[in-house]
Amino acid sequence: MERTEEKPAGSTHTISLLVENKPGVLHRIAGLFSRRGYNIASLTVGPTERADYSRMTIVVRLSTKTVEQVVRQVQKLVPVVEVRELVPQDLIERELMLAKIRTPERNHAELRALAETYEATIVDVSPDALVVEASGPAGKLDALEERLRPFGIQELCRSGRIALERGFKTLAPPSIK
Amino acid sequence: MGKEKITGAMAVRRALEAEGVEVVFGMPGGTILPIYDAMFGCERPRQVLVRHEQVGGHAAEGFALATGRVGVCFGTSGPGATNLVTAIADAYMDSVPLVAITGNVATSLIGSDAFQEADITGITMPITKHNWLVTDVHDLPRILKEAFYVARTGRPGPVLVDIPKDVQNAEFEFEYPETVSIPGYHPPVREEPRLKDAAALIRSASRPVLYLGGGVRSAGAHQEVREFAELLDAPVITTLHGKGAFPETHPLCLGMFGMHGSKYANFTVQGSDLIVALGARFDDRVTGKLSTFAPEAKVIHLDVDPAEISKLVTATVPLVGDLRRLLPQLTAEVRRVFAEQGRPDLAPWKRRVAEWQAKHPMRYEQAGQKYLLPQYVVETLWRKTGGKAVVTTGVGEHQMFAAQWWKTTEPRQFITSGGLGTMGFCLPSAIGIQLGRPGELVIGIDGDGSFQMTLQDLATARDLDLPIKIFVLNNLFLGMVRQWQELFYENRFAQTPLPDRPDLVKLADAYGCLGLRARTTEELDRVIDQALAHRDGPVIVDVRVRRQEKVFPMVPAGAPLNDMIDGE
């Protein structure tokens, strides 16, 4: 018989939730994660195609077995309409990054070239600092972050992952379509 | 129901009437005044005034557990609401359908640290199935309808509706909805139940055991369980809340297993090759050390809550659904498989179980003892009532003695605080049970420590002339903690001896109740007869028992289930 006594360190999983757009919903979900000891790597929440629902994307680093538990526990919350783990191969994921680089003006040209390579844009320029905006899968932003580091990152802000499944599949159950 | 213009407070009354609520336990206060005013003179639901909101909560639980209907309690804002927290947490752990309604400060004051303001929806989020803060009176009918629906359906549990005072006073056109539509509250069961796989496992098992939990009671499935158990003809073990799911006097029943279960029940689960778990959640108090739990067993796990499946012990075959609906389907499938392939030969297994029963019986010896033994007290009560009573308990040693020696034969006959282990549960619960089942004998088996946590509500029991009988197994100790100190802390009795006060006989008298005391077997016989004959209000019996009698067998916390210590 298999058992789940300890929570083994796991891999990254993306969980997508469709929730009622009501006060306190974020608190309910975040509270569930914290009291059951599920660490959140990132959490994003925002509006959807319908005003009465929000969509959350939660990235966790857990074993596959624990993720199944998480999904079942989250499903029990009344304002959660649907929750699913998105399988990596069917996943379009994006993240937004803003990075403030403090570097002398002579480096700006090199930075611009680097930004271009990563399809990033320079959105603010002052004599000794500029702000780079980039978006894409987390891995791409990790790489860009690594390349920016030698220039001197003053401040960095990442949005956390948002994701949709490829194809016609949607998260909303038939009952609310 | 036609539309009419009424206040939010009156809407609460109308909703409770529409839900068929019979009794509401609670205490008024500043912010719930409009609701109490609307309830003034209301005969159904009847109002019960408690002396502490926690008692109202537990009484509502007792009512719910005894009747299968939703329990309802009221509290005012701030301390009134926070006093309900323990009862709500208790109901959450034990899946008790409970609707708690609290007043709150006016919406304009919320968030301003106003007098008697508490964020009770925030506080109770982790201990309710769901809760609502009503900010617009127009939402109130829908929310109340949803609250009752969520509390009683699926895996039952507590909900809380917090209603600010201005919302209670606001007038609107009231109409109580007839149906509920909550987009996120249809627990989707996507897979077809794997009945064939389950039946095949049962057919191939040679050492099966049925493990029954509180879910059988919630589902009202004891008939279905009995039919299934008798078809399998396999040993049956229960949890604390599984008591009554199957008659403990039945030859297949081994009673309770786990930390204070019988040795033979624990040996049976440990030696099994198949566990069929019905409405149970593999709590640490029954599994002992998880990695050594039933090492050779496959598991069929039937539960209404998908999140319980494979939470602690991985199910070989999960079956998610309502026991009462799903179990007869499994019974039919197993019957078909048995007819086709013959029954498995369980005779050797049942012989082994019978050997364990013969070799390790549950026992105690009153003869030759100077003091009353708690086991003897429970068994004598059982004998003298013919087991025809609804029993409730506090939490501690007395609770385990009651669980071990009170043989439960009917569902909803043994009502206790299991998951949260809330001392002080007994008296409030007895009040709720007696109101829910007025014609029946209600017996509380309490401890001296537990009793003192909620004893002020003897007043409530007396107000209502409830003929409840509370037997306090008095050992002048916080006994269960003392037992652990004896076993694991070298008899260092840190803060567990309780001074001999109050005098429970005088206390009973002060509350207008009958107070009795027994120290010997003869006195016990006499006071039980007296207590059972007394119909004019509550009876408190101070039963002085052997001070350091311990509950055995015992599986130390975190030890393997077959690692039991006993008194030898």
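In chain B, the centres of domain 1 and domain 2, taken over C-alpha atoms, sit 38 Å apart. The model behind this value is a predicted one. The contact between these two domains of chain B takes 6 residues from domain 1 and 6 residues from domain 2. As for where the domains fall along chain B, domain 1 covers 4-174, domain 2 covers 195-359 and domain 3 covers 374-544.

Next comes the sheet in chain B. It is an open sheet of 6 strands with parallel pairing, and its strands run in the order β16-β15-β17-β18-β20-β19. The edges of the sheet belong to β16 (414-415) and β19 (514-518) of chain B; each has a single partner strand, so one side of each is left without a neighbour in the sheet. For β19 of chain B, pairing with β20 (residues 539-544) runs in the parallel sense over 5 bridges. One of the residue pairs to look for here is B:Gly515 with its bridge partner B:Ile540, which sits in β20 of chain B.

Helix α17 (residues 397-405) of chain B touches β15 (390-393), β17 (442-447) and β18 (469-474), and its direction makes about 135 degrees with that of β17 of chain B. Helix α18 (residues 426-436) of chain B also packs on the sheet, touching β15, β16, β17 and β18; here the angle with the direction of β17 is about 175 degrees.

Another helix of chain B, α16 (residues 374-385), holds B:Thr380. With 19 other C-beta atoms within 10 Å, B:Thr380 counts as partly exposed, because a residue needs 20 or more of them to count as buried. Leaving aside neighbours within four places in sequence, B:Thr380 is in contact with B:Leu524 and B:Ile528. B:Ile528 is 148 residues away from B:Thr380 along the chain, yet the C-alpha atoms of the two are separated by 8.8 Å.

A few spots in the backbone of chain B deserve a look. A cis peptide bond joins B:Arg501 and B:Pro502, with omega about 0 degrees. B:Pro502 is in the loop between α21 (479-488) and α22 (504-510) of chain B. That loop between α21 and α22 is also where B:Asn491 is found. B:Asn491 has a phi near 60 degrees, a positive value in a residue other than glycine. B:Asn491 is exposed, with 9 other C-beta atoms within 10 Å. Phi is positive at B:Ser95 as well, near 55 degrees, and this residue too is something other than glycine. B:Ser95 has its place in the loop between α5 (85-93) and β5 (98-104) of chain B.

Not counting residues up to four places away in sequence, B:Val99 touches B:Val70, B:Val72, B:Ala147, B:Phe148, B:Ala151, B:Val159 and B:Val161.

Along the sequence of chain A, they follow the pattern β-α-β-β-α-β-β-α-β-β-α-β-β. The C-alpha trace of chain A spans about 60 × 40 × 30 Å along its principal axes. Of the 177 residues of chain A, 27% count as buried. Among contacts in chain A with a separation of 6 or more, 72% come from residues 24 or more positions apart.

Finally, the two chains meet: 25 residues of chain B are in contact with 22 residues of chain A. On the chain B side, the elements giving two or more residues are α6 (120-124) and β13 (298-303). The chain B residues on this side divide into 16 nonpolar, 7 polar and 2 charged.

Methods: Residues are numbered from 1 along each chain as its sequence is written. Chains are lettered from A and ligands numbered from 1 in the order in which they are written. This is a predicted model: local features need pLDDT of at least 70, side-chain atom pairs count only at pLDDT 80 or more; totals for chains, interfaces and linings use all residues. Two residues are in contact if their C-beta atoms, placed from the backbone, lie within 7 Å. Helices (H or I, at least four residues) and strands (E, at least two) are DSSP runs, numbered from the N terminus. Ala, Val, Leu, Ile, Met, Phe, Trp, Tyr, Cys and Pro count as nonpolar, Asp, Glu, Lys and Arg as charged, and the others, Gly among them, as polar. A residue is buried if 20 or more other C-beta atoms lie within 10 Å of its own, exposed if 12 or fewer, and partly exposed in between; C-beta atoms are placed from the backbone. Two strands pair if DSSP finds at least two bridges between them. Axes are lines fitted to C-alpha atoms, for helices over the stretch in contact, and angles run from 0 to 180 degrees between N-to-C directions. Domain bounds come from an automatic or database domain assignment.
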